[in-house]
Amino acid sequence: MKFAKPSVFHFSRIILLVGATFMLHAPIVQAAGPRVASPGPGMFYHGVYPGGKSGEEDDLTLVDLQSYEKTVGAKAAWVYFSDNWYVDRKFPLGTATWIRDAGSLPFIRLMLRSKDHKIGHGEKVFTLQNIIDGKYDTDLTAWGEAAKKFGTPLMVEYGTEVNADWFGWNGRFHGGGKHEMVNGKSVPIGPARFVLAYRHIVETIRHTGADNITWVFHLDVTDSPEHAWNVFENYYPGNDIVDWIAVSCYGALTPKDPEEEKVSFREKFDPVYPRIEKLAPDKPLMIAEFGFTAGFPYGKPAPWAKAALHDILSGRWPAVRAFSWWNERWENGGGHKHDTTMRVQDIPELRTVFVETLRENKSKILDRVKILQTP
């Protein structure tokens, strides 16, 4: 599928569905292998990104995972990490293997971005159009073949936090809100390109027979920029390929975060939840990333996390069936007082919150995923 130029939007093989979601006439190969099932009403998976060394989310180790699990007193059902294509386009076999050997499920952020990527800028190599045009089909096929050979279940997402413009796959960099008429409806080009790219990635990988992958659509709690064309609903790839919906919902990210004062997890998530239910009422939902840094003058991570975990585990949002803390630290410049840390190992009060909450809700929390074997 090609976009001849930003103002021309040719769709000879697609039809428009409700909510500006597009589906290919030629159906994507359906997954028939093991996928991660919802844990059931009132039950939750406990996952984590356990932190690394560089802040690139791909250099985590078994020691990082063991340190987190020992600190909170609980096993992680899955371990979340990035597969950065500016490092290597191969399936991350080494990381996936040690995660599996440790008794957790590998959850891979498929990050198609080049070495000169910058937060808040467009991607020059792995553009949505290049993906749609099949320029990386050889790499994706090899990745899928390796995932199939890996054999055991995986969770995979592409387009992390797609409705936010800090990553290069956001529609802002791919035609944005420029509209074209398709089947009598005006469609924003940027999000529609993402839909086609996501579907192309899944189709290419599924054609290798890699049906052991559970596919995740990952949005941010805030549409940024806050324009009608950029709402996360416009990016949804379709019920036929998405298995889970994931959301990022952070508090303060740095000690001098200009976007935060005293905003709770609940205040951020409440307005978004009904939209997600309407978009995909039959899909389980996870809080894939949440966190709050130490050192923020208007709030502390422990009470913020305690309230968030209480609301999640109380069933306030019934579709939410999993949560994973972003257990990371990084430098922001200007001295250590400006650095970010969300690590439970570094914050005694936060450690107490996790230990007590996970222990008190032990009967609700699963440390291993359930596998759905589809016919």
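## Burial, backbone and helix packing

Glu161 has a relative accessibility of 6%, so it counts as buried (under 20% relative accessible area is buried, over 50% exposed, and anything in between partly exposed, using a 1.4 Å probe and protein chains only). Before we go on, note that this is a predicted model, in which local features need pLDDT of at least 70 and side-chain atom pairs count only at pLDDT 80 or more, while totals for chains, interfaces and linings use all residues. Residues are numbered from 1 along each chain as its sequence is written, and side-chain values use heavy atoms, with hydrogens and water left out.

Most residues other than glycine have a negative phi, and most peptide bonds are trans. Glu161 has a positive phi near 50° although it is not a glycine, and its place is in the loop between β7 (154-158) and β8 (179-182). Helices (H or I, at least four residues) and strands (E, at least two) are DSSP runs, numbered from the N terminus. Glu57, also not a glycine, has a positive phi of about 65°; this residue is found in the loop between β4 (44-49) and α1. Where is the cis peptide bond from Ser224 to Pro225? Pro225 is in the loop between β10 (213-220) and β11 (244-248), and the omega of the bond is near 5°.

Here are the accessibilities of the residues discussed individually.

| Residue | Relative accessibility | Class |
|---|---|---|
| Glu57 | 12% | buried |
| Glu161 | 6% | buried |
| His121 | 47% | partly exposed |
| Thr341 | 17% | buried |

His121 is in the loop between β6 (105-111) and α3 (128-132). Leaving aside residues up to four places away in sequence, His121 touches Gly168 and Phe173 (contact means heavy atoms within 4.5 Å).

Thr341 belongs to strand β15 (residues 340-341). Its side chain reaches the backbone nitrogen of Arg343 at 3.4 Å. Beyond four places in sequence, Thr341 touches Phe292, Thr293, Ala294, Glu328, Arg329, Asp346 and Ile347.

**Two helix pairs**

Two packed helices are described by the angle between their axes and the distance between the axes. Axes are lines fitted to C-alpha atoms, for helices over the stretch in contact, and angles run from 0 to 180 degrees between N-to-C directions.

Helix α4 (residues 137-150) packs on helix α5 (residues 189-206) at about 55°, with axes 8 Å apart. The two are therefore oblique (under 35 degrees is roughly parallel, over 145 roughly antiparallel, 65 to 115 roughly perpendicular, and the rest oblique). On the α4 side, Asp137, Leu140, Thr141, Trp143 and Gly144 make the contact; on the α5 side, His200, Ile201, Thr204 and Ile205 do. These residues divide into four nonpolar, four polar and one charged (Ala, Val, Leu, Ile, Met, Phe, Trp, Tyr, Cys and Pro count as nonpolar, Asp, Glu, Lys and Arg as charged, and the others, Gly among them, as polar).

How are helix α1 (residues 62-72) and helix α9 (residues 348-360) packed? Their angle is about 70° and their axes are 8 Å apart, which makes α1 roughly perpendicular to α9. Tyr68, Thr71 and Val72 of α1 meet Arg351, Phe354, Val355 and Leu358 of α9. By class, this contact has five nonpolar, one polar and one charged residues.

Methods
A polar contact is a pair of N or O atoms within 3.5 Å; within protein, one must be able to donate a hydrogen and the other to accept it, and residues adjacent in sequence count only if both atoms are side-chain atoms.
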